Amino acid sequence: MRILVDRNIPLADEFFGELGEITRLPGREITAEAVRDQDILMVRSITRVDAALLEGSRVRFVGTCTIGTDHVDLDYLRERRIGFASAPGCNAESVVDYVLSSLLMLADEEDFLLANRSVGIVGVGNVGERLRRRLAELDVDCLLCDPPRAEAEAADDTQGDFVDLDTLIERADIICLHTPLTREGPHATHHLMSAQRIAALKPGTWLVNAGRGACLDNAALRQRLESRGDLRSVIDVWENEPAIDEALYGLVDIATPHIAGYSLDGKMRGTELVYQALMRHYGLPARRKLGQIKPDPWLRKIVLTGWAPPLEALALCVRACYDVRRDMVGFERYRRRFGMANAFDRYRDEYPVRREFSTLRVDLKKNAGDLRDAIEGYGFKVKLASKSSS
């Protein structure tokens with residue numbers, strides 16, 4: 001078989017090499033001509049998979065190594081009986097790492113504790129639920145908005161945490177968007193954060209979008225920031241990527257090119273999930289396992305004593321593993337060299353290796369209670385050592 005793979009999909013040779021000949025291309029160079037003689041297509045979110053791409057090709061299976069599927073015409077694939085798989089949840093931990101690194105940076109700048117602010121999570125799925133759990137470990141009060149999930153759980157009397165979006169906007173100090181992009185139906189999310197809702201945000205609100213760009217009205221956010229400048233904003237996903245609004249880019253506090261989920265660990269999990277689905281599709285045994293072939297992180301552990309101030313220790317661990325400022329500075333450097341549209345794709349294509357918080361082990365003394373809670377709450381692995389062994 002012939003397999004065409006987005007070149008940003010890691011471990012493709014290790015997982016798919018036994019099945020046939022692999023060709024790698026940048027995602028935006030995967031064209032109808034490129035796929036015509038391929039049997040299997042593996043993409044990420046920047047490749048639009050539809051009739052225009054696949055009509056007349058030999059492709060019988062499509063995999064997207066991403067959480068979202070809004071770039072794939074699923075109806076067309078079903079009509080043509082083309083197998084399909086995505087990787088739900090594969091990079092959820094990576095996105096949560098990104099959000100927490102960003103919140104820590106802004107909290108440092110404003111000199112306050114996250115536990116003193118309320119966080120509204122819009123979209124409580126794979127990413128939003130993980131973010132809620134980690135924030136709960138840090139004693140952060142969370143408001144949840146997820147109408148489809150609230151409806152599904154309405155019969156469960158224990159599920160009383162959901163509020164509507166306008167109530168969340170009124171009450172939350174920090175708002176994190178983690179919804180999929182849907183354009184039709186009662187729960188459509190296109191411009192869910194509309195001009196009216198952006199205008200209703202309290203001065204001083206932090207707004208984080210690491211979900212889908214078009215869930216947030218980018219023009220309206222730009223207008224609010226230009227006219228009032230009273231919000232803090234973290235934007236990783238944008239409308240019209242890669243041709244994003246440069247004026248908005250210049251106004252937000254943290255601006256990155258859709259890399260929140262770009263950890264190596266998240267990408268590798270995506271490859272494994274799609275590989276497993278592909279093997280099931282063809283009735284073949286899945287012989288490859290991620291645990292057998294993934295590389296070790298170059299930073300494996302940090303040792304802290306019980307004297308370490310919890311907040312400083314937490315900041316040290318976060319920045320040692322993933323500091324969002326690296327991507328802010330890197331993206332800006334690329335923008336100046338290559339122009340915005342080219343920088344957006346090029347930075348993603350040349351993205352430096354990034355590992356998730358969970359790959360870093362923090363060795364602590366057994367008596368480091370507050371420190372342990374903070375470190376574990378942020379997603380790091382903790383190993384306790386006795387006094388005599390430290």
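Six strands form an open sheet with parallel pairing, in the order β7-β6-β8-β9-β10-β11. At its edges stand β7 (141–145) and β11 (254–255), each with a single partner strand, so one side of each has no neighbour in the sheet. This is a predicted model, in which local features need pLDDT of at least 70, side-chain atom pairs count only at pLDDT 80 or more, and totals for chains, interfaces and linings use all residues. Residues are numbered from 1 along each chain as its sequence is written, and side-chain values use heavy atoms, leaving out hydrogens and water.

**Reading the sheet**
- Strands (E, at least two residues) and helices (H or I, at least four) are DSSP runs numbered from the N terminus, and two strands pair if DSSP finds at least two bridges between them.
- Four bridges join the parallel strands β6 (residues 118–122) and β8 (residues 174–177); G120 has I175 in β8 as its bridge partner.

**Two crossing helices**
- The axes (lines fitted to C-alpha atoms over the stretch in contact, with angles from 0 to 180 degrees between N-to-C directions) of α5 (residues 92–110) and α15 (residues 324–338) come within 9 Å and cross at roughly 90 degrees.
- α5 and α15 are therefore roughly perpendicular, a label for angles of 65 to 115 degrees.
- In contact (heavy atoms within 4.5 Å) are Y98, S101, S102 and M105 of α5 with V324, R325 and M328 of α15.

**Domains**
- The domain assignment, automatic or from a database, gives domain 1 (2–86), domain 2 (91–255) and domain 3 (301–384).
- The C-alpha centres of domain 1 and domain 2 are 31 Å apart.
- Four residues of domain 1 are in contact with seven of domain 2.

Terms used. Angles under 35 degrees count as roughly parallel, over 145 as roughly antiparallel, 65 to 115 as roughly perpendicular and the rest as oblique.
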